[in-house]
Amino acid sequence: MSVKKLGFGTMRLPKVNPDDPTSIEIRQVCDMVDLFLEKGYTYFDTAWMYHKFASECAVKWALVKRHPRESFTLTTKLHESYVNDTVTKDDIFNKQCEKCGVEYFDYYLLHAINDGNFANYEAKDCFSWIKNLKESGKIKHAGFSFHGTAPVLDTILTRYPWMEFVQLQLNYLDWGSEKVQSGACYEVCEKHGVPVIVMEPVKGGSLANLPTRDEKLMKAYAPDASIASWAIRFAATLPNVMMVLSGMSNLEQMKDNIETYDNLKPLNDEEKAIIAKVVEDLNKGGMIPCTACAYCKEGCPMQINIPEYFRLYNSVREDVGDQQAEYDRLTLEFGKASACIGCGQCEGICPQGLPIMDDLKDVAKFFEK
């Protein structure tokens, strides 16, 4: 695998229609893929359900059909919730090979294990299954992504020592979080000698769009550096990190990331102190820590566009005009925040464990005065 640590995450590809996750703008994705490979980066990450099950197909047409198989590394994932009495793990894996147009995957993950669903993964024999995939040559490396507590992660790595890597949500805001436990989970991986792949280094884009006061702190120190680059450098320069994924949504984001990684250097003490101030400010500033994965949106019975409403709420600065207009436009197609009936579906699936129903009340109070 390439020593360059930037991975192309395909959960947030550019869309023709911003409200339709399946309307992937394949021409721009092709341009992004070509630039990524041209600059020496090779790691591509997708999953069964990304873009409402369209991401793997986009990878096939933008990457696999257009570039030699040995020129890139491809990763995908399986979530246990899709395995049932009629759909087996092998059914899904074989379909993934077909959708991506490959005979094997370089890396394969059990997806989004947490404290609540770990028992389901064991009951469905997923750990032995993924080990067999590697032994049969259908995958080269076996691992899992994790959204739980450090003690449960320690249990998994102790019980299943053949798992070769862990994908963690890791960024400077979640590093000391009692809920996300980025730092504590990273230390568990170090203890077991298992390398880390980082997801959400910019926390769904929220660490690239900070409140004005925090942006001024960073720009005063490094005027030419993008706000996102601070978060990327925090994650990418940790010694046990083997790869950092970025869900890039356009060519400009990719160019900015490539520039950061081509000139990657650790944070110095002054920069760490600035980040500490930003974290303190964000923790008391009322920001909803949503990463815009959109898992909550798909099952909402009231069709509330939860991640977009949270993004608008978080992006408000001195003037609410643009965000208010966008909120009003979205509510013509989707349910308003106030339409929430409190069913709890969203909170049950949220990897962040957010109190979504309460957060929607705050959004409604703000935008529906």
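The model is a predicted one, in which local features need pLDDT of at least 70 and side-chain atom pairs count only at pLDDT 80 or more, while totals for chains, interfaces and linings use all residues. Residues are numbered from 1 along each chain as its sequence is written, and side-chain values use heavy atoms, with hydrogens and water left out.

The phi angle of Asp125 is near 60°, a positive value in a residue other than glycine. Most residues other than glycine have a negative phi. With a relative accessible area of 43%, Asp125 is partly exposed; buried denotes under 20% relative accessible area, exposed over 50%, and partly exposed the range in between (1.4 Å probe, protein chains only). Gln181, likewise not a glycine, has a positive phi of about 60°. Gln181 belongs to the loop between β6 and α8 and counts as buried, at 17% relative accessibility.

## Trp175 in the β6-α8 loop

The loop between β6 (165-169) and α8 (182-192) also holds Trp175. The relative accessible area of Trp175 is 28%, so this residue is partly exposed.

When neighbours within four places in sequence are left aside, Trp175 is in contact (heavy atoms within 4.5 Å) with Leu170, Ser182, Gly183, Tyr186, Phe234 and Leu238.

## Asp106 in strand β4

Asp106 forms part of strand β4 (residues 105-113). Its relative accessibility is 7%, and Asp106 therefore counts as buried.

A polar atom of the Asp106 side chain lies 2.8 Å from the backbone nitrogen of Leu74. Not counting residues up to four places away in sequence, Asp106 touches Arg69, Phe72, Thr73, Leu74, Lys140 and His141.

## Ile304 between α13 and α14

Ile304 occupies the loop between α13 (295-298) and α14 (306-315). Its relative accessible area is 1%, which places Ile304 among the buried residues.

Beyond its neighbours within four places in sequence, Ile304 contacts Lys297, Tyr309, Gly335, Lys336, Ala337, Ala339, Cys340 and Leu360. The C-alpha atoms of Ile304 and Asp322 are 20 Å apart in space, and the two residues are 18 apart in sequence.

## The protein as a whole

The protein has 17 helices and eight strands. Its radius of gyration is 20 Å, close to the 21 Å given by the globule rule for 369 residues, so the protein is as compact as a globular protein of that length. This radius is taken over C-alpha atoms, and the rule is 2.2 Å times the number of residues to the power 0.38. Along the principal axes, the C-alpha atoms fill a box of roughly 60 × 50 × 45 Å.

Of the 369 residues, 53% count as buried. Among contacts between residues at least 6 apart in sequence, 75% join residues at least 24 apart. The protein exposes about 16,400 Å², of which carbon and sulfur atoms supply 51%; accessible areas come from the Shrake-Rupley method with a 1.4 Å probe, and for residues only the protein chains shown count as cover.

Conventions
Helix = DSSP H or I, 4+ residues; strand = E, 2+ residues; numbered from the N terminus. Polar contact = N/O pair within 3.5 Å; in protein donor to acceptor, adjacent residues only side chain to side chain.
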